[in-house]
Amino acid sequence: MAFFRKLREKFHDDWCSECTNEMEIIRRQLYAMPEQRVGHYVSHDEPEYYITHLVPVERKAEIPTGMYACGIIAYRCPQCGHRAVKLSAFLPVRDEEKVEQALYFEKGELDAFLWSPEQGREMPAVKPPAELGSKRAIKTAYYN
Amino acid sequence: METMEKIKKTNILYLLLNIFGPFAVMVLAVVLGVMLPEQVGLILSIVGFGLAVLWWSFLGRKFYDKTKARTLSALEAEGFVPNHTFNADGCTVVVDLVHGQVALLFRWNPTKAYVRPASALSNVYVDDGRGGAGFLEGSSRVSFLFTVEGMKIRVNTFTSNKRWRMDSDYILTGISKADLMAETLIAAGAQAVAK
């Protein structure tokens with residue numbers, strides 16, 4: 001399974017795991033990971049870690065040298081409505097990126113974080129998907 | 001806190017003791033082994049030989065690490081703030097951003113820490129070791145370099161006995177570490193000038 005997941009990460013990270021249709025990107029955001037430094041990277045699989053430690057940035061140039069970054073892409077399948085979030089932690093080095101890990105969250109683990117009002121202030125143009133509905137109510141509990 | 005002593009990368013006596021000290025112990029053990037009764041002599045020879053091999057393989061390095069740690073603690077006790085420490089194979093660079101100072105410790109002279117204002121460092125740059133052309137392009141060494149008191153010091157952040165592609169994880173990590181240290185040294189230099 002890990003092999004197939006790696007293949008998917010490499011070539012088709014935008015395929016819906018439910019209907020294999022190509023998903024559309026509904027949100028893309030770059031974050032800095034101030035706690036993770038070059039030579040001292042510790043991998044984390046749990047979404048709570050990212051919810052509490054990510055700091056949104058506009059451009060890669062804003063991330064200090066030697067600090068890890070994290071790119072989040074939120075997908076939505078136009079056919080079945082399935083949503084997924086791809087999170088990839090990487091070290092920006094000049095024009096290159098050294099990817100440490102890529103994670104998929106398909107059960108809405110990061111929804112409250114991604115569509116919180118704090119995130120909204122950072123990205124005013126971003127609108128949450130309508131089907132999220134009341135999930136947005138728990139957003140303020142995160143990201144302080 | 002600042003030291004005025006001239007920077008010496010190698011303490012010749014320490015280097016020679018490291019190379020020939022264990023050899024002398026080994027020879028002494030063998031000589032004693034020949035002179036002493038059979039079984040005791042054999043055991044003594046094996047112990048002497050074993051100690052020499054252990055020293056060359058890892059005890060020497062352990063001794064260096066302990067001495068370095070002691071030297072750094074002594075520095076800290078004098079008020080040096082180690083904000084960034086980079087341990088390379090031949091040299092350790094410690095940057096104090098509070099006082100704008102840099103401490104240098106060398107592999108073959110571990111009992112001395114040379115503390116200088118960071119503004120004394122010049123020509124700080126990163127060498128990614130890029131070589132070769134086309135698909136052979138790559139590097140086997142990444143380092144940051146600086147000049148202090150006319151002496152060029154190279155600190156390796158990555159070395160290998162083979163050439164790696166420039167986009168390999170090893171090279172990228174090495175470049176990132178070297179970039180970070182070069183930026184830190186330049187920032188400490190600016191801090192020292194501002195004081």
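Chain A of this predicted model holds 4 helices and 5 strands. Of the 144 residues in chain A, 45% are buried. Among the contacts in chain A with a separation of 6 or more, 62% link residues 24 or more positions apart. The chain exposes about 8,100 Å², and carbon and sulfur atoms supply 52% of that area.

Now let us turn to the partner chain. Here, 10 residues of chain A are in contact with 12 residues of chain B. On the chain A side, T65(A), R94(A) and K98(A) lose the most area to chain B, together 52% of what that side buries. The size of an interface is often given as the accessible area lost when the parts come together. The table below gives that value and the counts that go with it.

| Between chain A and chain B | Value |
|---|---|
| Buried area | about 1,000 Å², 62% from carbon and sulfur atoms |
| Salt bridges | 2 salt bridges |
| Polar contacts | 3 residue pairs, both residues at pLDDT 80 or more |

Which elements of chain A each supply at least two residues of the side that touches chain B? They are β4 (83-93) and β5 (96-105). The largest share, 3 residues, comes from β5(A). Sorted by class, the side of chain A that touches chain B has 3 nonpolar, 3 polar and 4 charged residues. R94(A), one of the residues that lose the most area to chain B, also meets D128(B) in a side-chain salt bridge, at 3.9 Å from N to O.

Terms used:
Residues numbered from 1 in each chain as written. Chains lettered and ligands numbered in written order. Predicted model: local features only at pLDDT ≥ 70, side-chain atom pairs only at ≥ 80, totals over all residues. Heavy atoms only, no water. Buried < 20%, exposed > 50% of the residue type's maximum accessible area, 1.4 Å probe, protein only. Contact = heavy atoms within 4.5 Å. Areas by Shrake-Rupley, 256 points an atom, 1.4 Å probe, with all protein chains shown as cover. Buried area = accessible area lost by both parts, 1.4 Å probe. Salt bridge = Lys/Arg side-chain N within 4 Å of Asp/Glu carboxyl O. Polar contact = N/O pair within 3.5 Å; in protein donor to acceptor, adjacent residues only side chain to side chain. Nonpolar A, V, L, I, M, F, W, Y, C, P; charged D, E, K, R; others polar.
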